[in-house]
Amino acid sequence: MKKRQVVVKQRKSSYTTTSSSSNIRYVECQKNHAANIGGYAVDGCREFMASGGDDALTCAACGCHRNFHRREVETEVVCEYSPPT
């Protein structure tokens, strides 16, 4: 198996300025608690709340890891154009 390295070059233009920001939220828990008996049941936790201390990736409400919570990404891209003078 060969590994490939991809290099992406971007040309900076003095005419366009682009900035983007993204907010990531972890919402309802989707862990299937009844998977071992062939069913489907979730615990009803509506939003990830980090537990304090050393284990910040564990939800304080349901005790599950953050990966079980649905990830919601809000991205905002702002593009400004100034014509050449």
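This is a predicted model: local features need pLDDT of at least 70, side-chain atom pairs count only at pLDDT 80 or more; totals for chains, interfaces and linings use all residues.
**View 1. The side chains of E72 and R25 meet in a salt bridge.** The nitrogen-to-oxygen distance in this pair is 3.0 Å, and R25, like its partner a residue with a computed accessibility, is partly exposed at 39% relative accessible area. Because R25 belongs to strand β1 (residues 16-29) and E72 to strand β2, the bridge ties together parts that lie 47 residues apart in sequence.

**View 2. E28 and R70 also form a salt bridge through their side chains.** Here N and O are 2.7 Å apart, and the pair links distant parts of the chain, with E28 in strand β1 and R70 in strand β2, 42 residues away. E28 is partly exposed, at 25% relative accessible area, and R70 is likewise partly exposed, at 31%.

**View 3. A salt bridge between E72 and R70 has its closest N and O atoms 3.6 Å apart.** Through shared partners, the salt bridges join R25, E28, R70 and E72 into one network, and the count of salt bridges comes to three.

View 4. Leaving aside neighbours within four places in sequence, R71 is in contact with I24, R25 and Y26, while Y26 touches residues including E47, R66 and R70.

**View 5. Y26 belongs to the largest nonpolar core.**

Terms used:
Residues are numbered from 1 along each chain as its sequence is written. Side-chain values use heavy atoms; hydrogens and water are left out. Contact means heavy atoms within 4.5 Å. A nonpolar core is a set of buried Ala, Val, Leu, Ile, Met, Phe, Trp, Tyr and Cys residues joined through side-chain atoms within 4.5 Å. Buried means under 20% relative accessible area, exposed over 50%, partly exposed in between (1.4 Å probe, protein chains only). A salt bridge is a side-chain nitrogen of Lys or Arg within 4 Å of a carboxyl oxygen of Asp or Glu. Helices (H or I, at least four residues) and strands (E, at least two) are DSSP runs, numbered from the N terminus.
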